[in-house]
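Please look over the sequence and the model shown here, and then work through the questions and answers on its aromatic rings and strands.

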Amino acid sequence: MSFTKKTTFLFIFFFNIVCINAVISQNLYGGIEIGGKGIKITVMDIHNAKKNLFDIKEFWTENTALARGIALDGNLHLDDLEKTYQVIQQNFNKLQDTHHVSKEKIYIIISSGVGMAKNVNVLVDKIKELTQKNAEVINSELEARLLVKGGIPANRYLNSLILDIGGGNTKGGYIGLYNEENFVLMPLSMNYATVTFTEKIKKHSPSDSFEDFLKTSYQFQDTLKKEINKMYDMREGTRTKKNVYLSGGAVWAFATLTATAPIENFHKITLEDVSKHQLDLIGNFTKFETLSKTNPEIEKVLKTYSQRHLITANNILLSAIQNLDEPKDKKIYFVKQGQIAWLMAYILESAKDSKTIY
């Protein structure tokens, strides 16, 4: 063997050893979350679970709108389920084959917005058949606990509220103190969110016209306000929290469509901005269609949500802020990683014993 061939052979050999060691040294976990609007997939490399040190290696979403049937008859519809099964199978395989996540470190969870469907057991059983994994249906209280842990800075636990406006429901809460030392979750939830409330409006609209949709949406404004106030009234002190952290597709859409600079992890928003945005969504939607031609992030929002979904989503966001005490004085933040905050917390808690929020 010539010197050149030997050199090439040794280079390839040692390069492969380095690559193999790099993969082995990673502590990779995968998460598949089945939500009302779509499926979120996460690949995490956990460096030190005790110190919550980790990297998000990959994150992507697949749109399925699984929750739309819940608003109509309380069930997940067969055509939506079939699409969901295909997406789950493809991404379960992708986590293993492309991202080298071992099967035992892949967690599959079903959000509370989907879990409230009367036939959710059909979804659970099919996932077991396809993946040989048990998918856990997360109730709104556990979802809120994980959301708080993953979405609020620890030094602000006691003076902050977090809300996630999803596709199937809205959930969140805040942390209280018990016996001066134990953190206790005060959960909040509402069975209205972007997809479910949009479908409710469409169901009661006299026609498919945009004008009738707006009229019906306006007629349901009092219903929305009552549901939000009922949610806030579940826990004394909800309205008075100084900091408000917001996540979910509704807030992501608002932040993306209105951002004038790169969005930071805790992106400040104001009541005035949300109110102005509602007017643009109704009367100047072509503005966003034009921007989407040169802005891939805005294009992603418009591919995820229709104009009607965006109007409903922002209406829920606006009403949620308006019904807090002194909303103009609040410090309000969009949690950029909020869409995976509670999923990150779930994987971390599954990977280790961690301090519990009761």
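**Aromatic pairs and a strand**

At 16% relative accessibility, W252 counts as buried, a term that stands for under 20% relative accessible area, with exposed being over 50% and partly exposed in between (1.4 Å probe, protein chains only). This is a predicted model, in which local features need pLDDT of at least 70, side-chain atom pairs count only at pLDDT 80 or more, and totals for chains, interfaces and linings use all residues. Residues are numbered from 1 along each chain as its sequence is written, and side-chain values use heavy atoms, with hydrogens and water left out.

Q: How many aromatic pairs does the structure hold?
A: Rings of Phe, Tyr and Trp (its six-membered ring) pair if their centres lie within 6.5 Å, and planes under 30 degrees apart count as stacked, over 60 as edge-to-face and the rest as tilted. By this rule, the number of aromatic pairs in the structure is eight.

Q: What is the angle between the planes of Y245 and Y333?
A: These two residues form a stacked aromatic pair, with 5.1 Å centre to centre. Y245 lies in strand 9 (residues 243-247) and Y333 in strand 11 (residues 331-335), so the pair ties together parts that are 88 residues apart in sequence; here helices (H or I, at least four residues) and strands (E, at least two) are DSSP runs, numbered from the N terminus. Y245 is buried at a relative accessible area of 1%, and Y333 is buried at 7%. The angle between the planes of Y245 and Y333 is 20°.

Q: Is Y305, the ring partner of W252, buried or exposed?
A: The ring centres of W252 and Y305 are 6.3 Å apart and their planes are at 50°, so the pair is tilted. W252 belongs to helix 10 (residues 249-258), while Y305 is in the loop between helix 13 (296-304) and helix 14 (307-322). With a relative accessible area of 7%, Y305 is buried.

Q: Which residue of strand 9 stands opposite S160?
A: Six of the six residues of strand 6 (residues 160-165) are buried, so this strand is largely enclosed by the rest of the structure. S160, I162 and D164 point one way from strand 6, and L161, L163 and I165 point the other way. Two strands pair if DSSP finds at least two bridges between them, and strand 6 runs parallel to strand 9, joined by five bridges. The residue opposite S160 in strand 9 is N243.
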